[in-house]
Structure formats: C-alpha cells, structure tokens
Protein chains: 2
Amino acid sequence: MSIDTPVELDGFRAVLSDLAAPDGAALAAASDRNGQLTKPPGALGRLEELAIWYAGWRGDARPAVTAPQVIVFAGNHGVAARGVSAFPADVTVQMVANFEAGGAAINQLARTFGARMDVHALELDRPTADFTTAPAMSEADCAAAMAAGWEAVDPGTDLLVVGEMGIGNTTSAAAIAAALLGGSAEEWVGRGTGLDEAGLVLKARVVAEGLARHRAVLGDPLQVLVCLGGRELAAMAGAILRARVLRVPVILDGFICTAAALALEKAAPGALDHCVAGHVSAEAAHGRMLASLGKEPLLSLGLRLGEGSGAALAIGVLKGAIACHSGMASFAEAGVSEG
Amino acid sequence: MSIDTPVELDGFRAVLSDLAAPDGAALAAASDRNGQLTKPPGALGRLEELAIWYAGWRGDARPAVTAPQVIVFAGNHGVAARGVSAFPADVTVQMVANFEAGGAAINQLARTFGARMDVHALELDRPTADFTTAPAMSEADCAAAMAAGWEAVDPGTDLLVVGEMGIGNTTSAAAIAAALLGGSAEEWVGRGTGLDEAGLVLKARVVAEGLARHRAVLGDPLQVLVCLGGRELAAMAGAILRARVLRVPVILDGFICTAAALALEKAAPGALDHCVAGHVSAEAAHGRMLASLGKEPLLSLGLRLGEGSGAALAIGVLKGAIACHSGMASFAEAGVSEG
C-alpha cells in the first residue's frame, strides 16, 4: 500500500522477497461461517474454497466483490517479424483502438460482470527486439513495463484480471515457459491465433533459437522476462505483484498471462498464492503450465483469445461464490435442521 | 405460446409429439455474424456455439439475455421414511421458508446473475407414496405437478433455470435414471446430501425394490415419473417442456433436474435440444447421465447442492457468451485486419 512503485528490477526483487500473507483470523472466521450456512457440508464444492480464500486475502470474513478491475496491456514483439503469427503485427494497434472503442470480447465480458476496464498500450511503436538475436528488452525497459503494470492497478479494486494483446506473444510465452519449466520448444509452442503446421514448426525453431541465445542468464526468472518477454507480459507481472501488495485477489487468464505470472512464482515461490486460474485455454500447453503451478482452472470452455477473456468470465464464478458465502443464512438464522 | 396448459398426461404427450424447432434463419445469420467478429476464428470456444444456439432458439441473430428466471420446486417423498437421506424430511419445508426469506444459496446466485426467482412448494403436507410399495403418485397427481411447472414459467423470460428441494429426491432421481437408462441401482445411487456407506447400501436396495415393483410399466418414460418420481421432478419436466413451447433456452442443473429432463428426452428424442448442461455435479452418476444425453457440462466445480445452483452459476457463462456475440465489433466496423 505504502510501497512506492519500484523503478528498477532490484526494486521488484525486494518486493518479491517480502510478500504479504493472507489474514489468518479472517481465514478462520470465514471457514467457521462456511460451516454454519444452510447447505450440506461441502455441497458448494469449489465455491466454498474460493470464498474462504478470497476472505483471507481481503481480511474480511464476510466480504463482497464490489469493484473488479480488468486491465488489458498491449505490446509489440520484434519476433513477430519471423512470421510466428497468423495475423500481421498491425493488428496489435488496431485491437487497442477496438478495446478503446468498446468493440472487443473483453469489453463485453467486463461489462457483463460489472468490472471497470482499462487499456494500456505500451510503446507500440517501439517493438521489443527479436529475441533470437538480442534480449527482447533492456533491464530498464522491463522494469518500466513492470512499473506501468504496477501503477495501472486501482488501489480501490477488490478483484483483478490482467489480460493482453500483442501479435507474437504466444511465442514469447512459450519461450518463457520453456526457460522456467524446462522441456523442449516443441512441447510449449501452440497454434496461437491459428498457425498452420509449417508455422508451428517455424515457431518451435524460433523459440529454440531464443532459448539457446540467452541460456546463460535464464536461471534468473526476471532475466527470462527481460530476454524472452514483452512489455505486456512484464506489465502483467508488475500488476499481479502490486495486487499482492494490496492483498487484492487475482484471476489468471490464459497461456500468456500465466507465463508472465510464472516468472513471479519462480522468483519467489508462493508469489501467486493470491491468484486463481480462471480457465484453461485451448492453447495446448496451458494446462501443463497450470499443473506446474498446482492451480486447477475454474473454467474449461476452449477459449484461446487472450485479452483477459477467460479470467473475466470467471469473475462470475468468484462473484457467485462470495455472494453465497456472505449472503446465505446460517442453520440457526433460518431455523433449518442440521443433518 | 397459445397452447393451453395440459391437464392430463396425454396432453403432455401431445405436446411432446409436436415440438418446436429452432429458427433456421436466425441460426444461419448468427453463425455468419460470429465469423465476422474481431477475434481469430473459434477463439471464443464454446461461447461461440452457445451464442449461436441461443440465437436459434430465440429467433434473433443478435439476442440479449434480459429476463432470466430461476424456479425452485419443492416436494416431499414417501421414500424418505426409509432412511435414504442424511437430513430429516422436515428440512424440505424449512428450506422453502429459507428460499422465501432469501437465505439460500440459490437466492444469492439468482441475484448475482440478475435472475428473477420463484419458489413453488408442491403439496408438502402430502408426500408421494414410498415407491417400493406403490406408485409414487397417481397419474392425475403427476399431471397436476407437471402443469404447476408449466404454469410457473414466465412467458416473458428468455433463459430458464429449474431447481429443486426435496429430502429423498436423489433416491427418486437414481431410480428414474436406472429405469430410463438401464444399469443396476448401485450404479446410479450416490451420497446425496452426505450419506455414509451403510446409507448408500440401503439406498441402492430401496431403488432396486422400486424398480422391481414397477418393472411392468417402466417402458413408458412418463410412467417412470409417475411411479418413481416426485412432484418437484414432474414440475421441472413440465417447466422444461413449457420452455420448449416458448422457445426459451434452459440451463439444466444437477442430478435430480437432469433425471427429470431425461424423462422428456426418452419420451421424445430431441426434447432437450433447447437445453444445455449447466454443470456436472459431484453426485457420482451425474456425469454418466449427461453423457447419455450427449451434453457436455459448462462447469465442473464439485457442486452437489441442487436448488438450481449449478445452473444459476452458468447463467453467467451464457450471459458472457451472448454479450460477446451481440456486442462485439466486426473486423470491418473496427478496422482490424483479418489473419
């Protein structure tokens, strides 16, 4: 809360070294309340866990979701020039205009679930470098993008979704996953917006080149973001970290968002304890990425759009869970016999 | 729409013999629109199919969900006296009071997703007969309960959820499933609100006794409802059928709701084409029941509460799907390049 925005990677490292924990008293009180509500024990399944988890992070045994925020970050990728996407790089800036005009899927979903939506285009006229030939960004650029994400979070929000737009960014995300979790490039690349078979082979080769190029520094998760990331990925990581400082629960979106988040978890295990997985994407390796985080997705509906769309859809699940927890009567209040 | 409420089972049979179809022109126009929206083809996964399906039933290529309705039907079961539930039969009437006072899970979920909620208690002081000794209901009682369900549907609604409350009704639902789909009683019974191992063995024996008692008439799906059902199950079937006449899409809930719906499908294949499966319940055999219907659940969150809760949670998914479909800009409108 009182933490100033870090300006260098070391500032983010300092935040990661001293992370906020959930409120134990609120967790215990929420768990106790859950046991008294007019339903058979456990009958609301994951909704019960979600509500208690949310209560712990908010420090309130009977919380409400009143101010969800969706932030979409956009960035351009030098690696897109290698032909790794089914869409031209111009689409990034065109889609930012679409977000600003309210015409994209994420606009409709944010509105449906009562979320404020913000769009941050990150130096679209200055794409990252092609990571097969150089680090995608300088450390200063990466820190600036993380700081932009950090500052984009409304301190008054009580539930955060971060999404992205960036032609080429599933290539960046696949490279990050391979760097952080191991395995071959082939295991992590997918069809993104709709690559054909030849495109997929090319994409794996590009990822493998990137991994080989930066191998010496990939033991450091923040260097992985610097070398293989993109501004929108770094910004998502910054926003998720800010949410942790603010004790704001986060719903993770798909492949790209999860790759960005993974860098935080690898830098500081437990750094994503304030996050749930909103959905599992149709992008092939997303399920494996979530499994490595031990996070079971709330939804599995074959989405592969990004923008925060799957996570925004899961706002409804969170709202439902917390409405039940905080709004239901207890057995005693309702005069209902316990089994 | 102009069909009077049937008063006898034969009246419901007549409706089932001449079911409304979706609007082919709206389906085609919605599919065409879907292909023009600012997203890679197929990137919204099941949301795309849902929106097109919904458009077809509503006869509107660009529909909106503005008036969802949740109806909870409650009934008492003679078979509860056999000790097949972890809760006493008094809980049915107590929970009806809780629904009416706004204290149950379904009240919170209906409110969260902007649905009107109605509660219909069906002759709670006159439980059905213990189906191991006699048909659960007379044909007239079953038709009256179906008619109550039929009339409970608001003709102005545009999305229907039906839920239930009735101590003992997972026993009735298991017996219906076994009668309609085959297999042993053991395969269809589950723990309901929380039966122990001995209770589960007893429940299977009770279901087997009911199946043996009524074997001669179980080839007729409506007789299955008469002999093994309950008033709230018959009412759900009546409401789902009315929705079909009104071309109102329905979200199916869990084990009991799906068993009631199954009687319609077995009576007239395709009778549930206007229905999607809202979720798969933790009640063990629900997944198998949905598979027999060829319906993939939208959610899988371990719920086993009934009341319409899982289906109500899925209203959010439907609303999100239709908001994207009807609210997104096309490539041409937004000036976005197609891949």
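## Buried helix residues and ring pairs

With a relative accessibility of 7%, A:L16 counts as buried in this predicted model, and its place is in helix α1 (residues 9-16) of chain A. Beyond its neighbours within four places in sequence, A:L16 touches A:L241, A:L264, A:A267, A:A268 and A:A271; one of these, A:A268, lies 252 residues away in sequence, yet its C-alpha is 6.0 Å from that of A:L16.

Searching the whole structure, over all chains, gives two aromatic pairs. In chain A, the ring centres of A:F12 and A:W150 are 6.0 Å apart with the planes at 75 degrees, so this pair is edge-to-face. Because A:F12 belongs to helix α1 and A:W150 to helix α6 (residues 139-152), the pair ties together parts of chain A that are 138 residues apart in sequence. B:F12 and B:W150 also form an edge-to-face pair, at 6.0 Å centre to centre and 75 degrees between the planes.

| Residue | Relative accessible area | State |
|---|---|---|
| A:F12 | 0% | buried |
| A:W150 | 1% | buried |
| B:F12 | 0% | buried |
| B:W150 | 1% | buried |

In helix α13 (residues 286-293) of chain A, the residues A:H286, A:M289, A:L290 and A:L293 are buried. Seen down the axis of α13(A), the buried residues fall within an arc of 95 degrees, so they line one face of the helix. These residues pack against α7 (169-181), α8 (185-188), α12 (255-267) and β5 (275-277) of chain A. After α13(A) comes A:G294, with a positive phi near 70 degrees.

Finally, A:R288 lies over the face of A:W188, at 4.5 Å from the ring centre, and B:R288 lies over the face of B:W188, at 4.5 Å from the ring centre.

How values were computed. Residues are numbered from 1 along each chain as its sequence is written. Chains are lettered from A and ligands numbered from 1 in the order in which they are written. This is a predicted model: local features need pLDDT of at least 70, side-chain atom pairs count only at pLDDT 80 or more; totals for chains, interfaces and linings use all residues. Side-chain values use heavy atoms; hydrogens and water are left out. Helices (H or I, at least four residues) and strands (E, at least two) are DSSP runs, numbered from the N terminus. Buried means under 20% relative accessible area, exposed over 50%, partly exposed in between (1.4 Å probe, protein chains only). Contact means heavy atoms within 4.5 Å. The arc is that of the directions from the helix axis to the C-beta atoms. Rings of Phe, Tyr and Trp (its six-membered ring) pair if their centres lie within 6.5 Å; planes under 30 degrees apart count as stacked, over 60 as edge-to-face and the rest as tilted. A charge sits over a ring if NZ of Lys or CZ of Arg is within 6 Å of the ring centre and within 35 degrees of the ring normal.
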